[in-house]
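Please read them with the model open.

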Amino acid sequence: MSRDERITSFQPVIDNTTTLLILGTMPSVKSLEQSEYYGNKQNAFWRIIFSIFNEEMTSNYNEKISLLKKNNIGLWDVLKSCEREGSLDSKIQDEVPNDIKELLRKYPNIKAIVFSSQKAAQYFKRHIGSMDNIAFATMPSPSGANARMNLQEKIEQWEKIKLLL
């Protein structure tokens with residue numbers, strides 16, 4: 001994908017029972033191809049989520065989404081669209097944010113936002129800023145590009161989101 005091609009994020013995975021919203025930056029090339037959040041097998045997001053809720057991992061996307069909903073977790077991205085060559089957040093240019101404030105007005109049960117990477121948190125701070133009555137936490141990126149931590153270390157950090165539920 002060349003930089004002059006604009007990419008767009010997915011619709012949020014959310015309902016009226018959602019109390020915690022996980023925000024990524026922008027879906028990877030693989031995720032966009034598969035039309036699935038965290039669709040790249042090198043990304044440990046789903047392995048982490050299934051592990052922290054003591055569930056058996058599945059490759060079925062609907063079952064993955066069901067696990068999130070069962071635990072009152074929603075998914076979305078900070079960015080609505082951008083130009084990006086490849087999948088790395090460091091290659092993002094000309095980004096446009098999602099209207100997260102409007103989403104929070106529409107879904108008032110959300111009390112916590114968890115960023116799935118430092119970059120997602122940075123884009124949120126740049127485009128949206130701070131908010132009252134919302135708890136924030138930033139987790140280590142589950143991306144395979146984040147090699148500073150192994151899977152078990154990532155799981156241990158992500159386990160903390162259960163305190164926000």
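**Notes on the predicted model**

1. Phenylalanine 115 is buried, with a relative accessible area of 4%; buried means under 20% relative accessible area, exposed over 50%, and partly exposed in between, using a 1.4 Å probe on protein chains only. The model is predicted, so local features need pLDDT of at least 70 and side-chain atom pairs count only at pLDDT 80 or more, while totals for chains, interfaces and linings use all residues. Residues are numbered from 1 along each chain as its sequence is written, and side-chain values use heavy atoms, with hydrogens and water left out.

2. The protein chain has 6 helices and 7 strands. Helices (H or I, at least four residues) and strands (E, at least two) are DSSP runs, numbered from the N terminus. Along the sequence their order is β-β-α-α-α-β-β-β-α-β-α-β-α. The radius of gyration of the protein chain is 15 Å, close to the 15 Å that the globule rule gives for 165 residues, so the chain is as compact as a globular protein of that length. That radius is taken over C-alpha atoms, and the rule is 2.2 Å times the number of residues to the power 0.38. The C-alpha atoms fill a box of roughly 40 × 35 × 30 Å along the principal axes.

3. Of the 165 residues of the protein chain, 47% count as buried. Among contacts (heavy atoms within 4.5 Å) with a separation of 6 or more, 66% are between residues 24 or more positions apart.

4. Which residues touch the most other members of the largest nonpolar core? They are Ile22, Trp46, Ile49, Val78, Ile100 and Ile161, in a core of 51 residues. Helix α2 gives the largest share of this core, 6 residues. A nonpolar core is a set of buried Ala, Val, Leu, Ile, Met, Phe, Trp, Tyr and Cys residues joined through side-chain atoms within 4.5 Å. In soluble globular proteins, nonpolar side chains tend to be buried together. Leaving aside residues up to four places away in sequence, the contacts of valine 78 include Leu23, Pro97, Ile100, Phe115, Tyr123 and Ile128.

5. Helix α6 (residues 151-158) has Lys154, Ile155 and Trp158 as its buried residues. They cover an arc of only 100° around the axis, which puts them on the same side of α6; the arc is that of the directions from the helix axis to the C-beta atoms. What covers these residues includes β2 (20-24), α2 (45-52) and β6 (112-115). Isoleucine 155 is buried at 8% relative accessible area and touches Ile48, Ser51 and Ile52, not counting residues up to four places away in sequence. The C-alpha atoms of isoleucine 155 and aspartate 89, 66 residues apart along the chain, are separated by 22 Å.

6. A search of the whole structure finds 8 aromatic pairs. Rings of Phe, Tyr and Trp (its six-membered ring) pair if their centres lie within 6.5 Å; planes under 30 degrees apart count as stacked, over 60 as edge-to-face and the rest as tilted. The ring centres of phenylalanine 45 and tryptophan 158 are 5.7 Å apart and their planes are at 85°, so the pair is edge-to-face. Phenylalanine 45 lies in helix α2 and tryptophan 158 in helix α6, so the pair ties together parts that are 113 residues apart in sequence. Phenylalanine 45 counts as buried at 1% relative accessibility, and tryptophan 158 counts as buried at 0%.

7. Phenylalanine 115 also takes part in an aromatic pair, with phenylalanine 136; this one is stacked, at 6.0 Å centre to centre and 5° between the planes. The pair links strand β6 to strand β7 (residues 135-138), with the partners 21 residues apart. Phenylalanine 136 counts as partly exposed, at 35% relative accessibility. Elsewhere, ring pairs link Tyr38, Phe45, Trp46, Tyr61 and Trp158 into a cluster.

8. Most residues other than glycine have a negative phi, and most peptide bonds are trans. Asparagine 72 has a positive phi of about 60° although it is not a glycine. Asparagine 72 is in the loop between α3 (61-70) and β3 (73-77) and counts as partly exposed at 29% relative accessibility. Asparagine 133 has a positive phi near 65°. Asparagine 133 is in the loop between α5 (118-127) and β7, and is exposed, with a relative accessible area of 72%.
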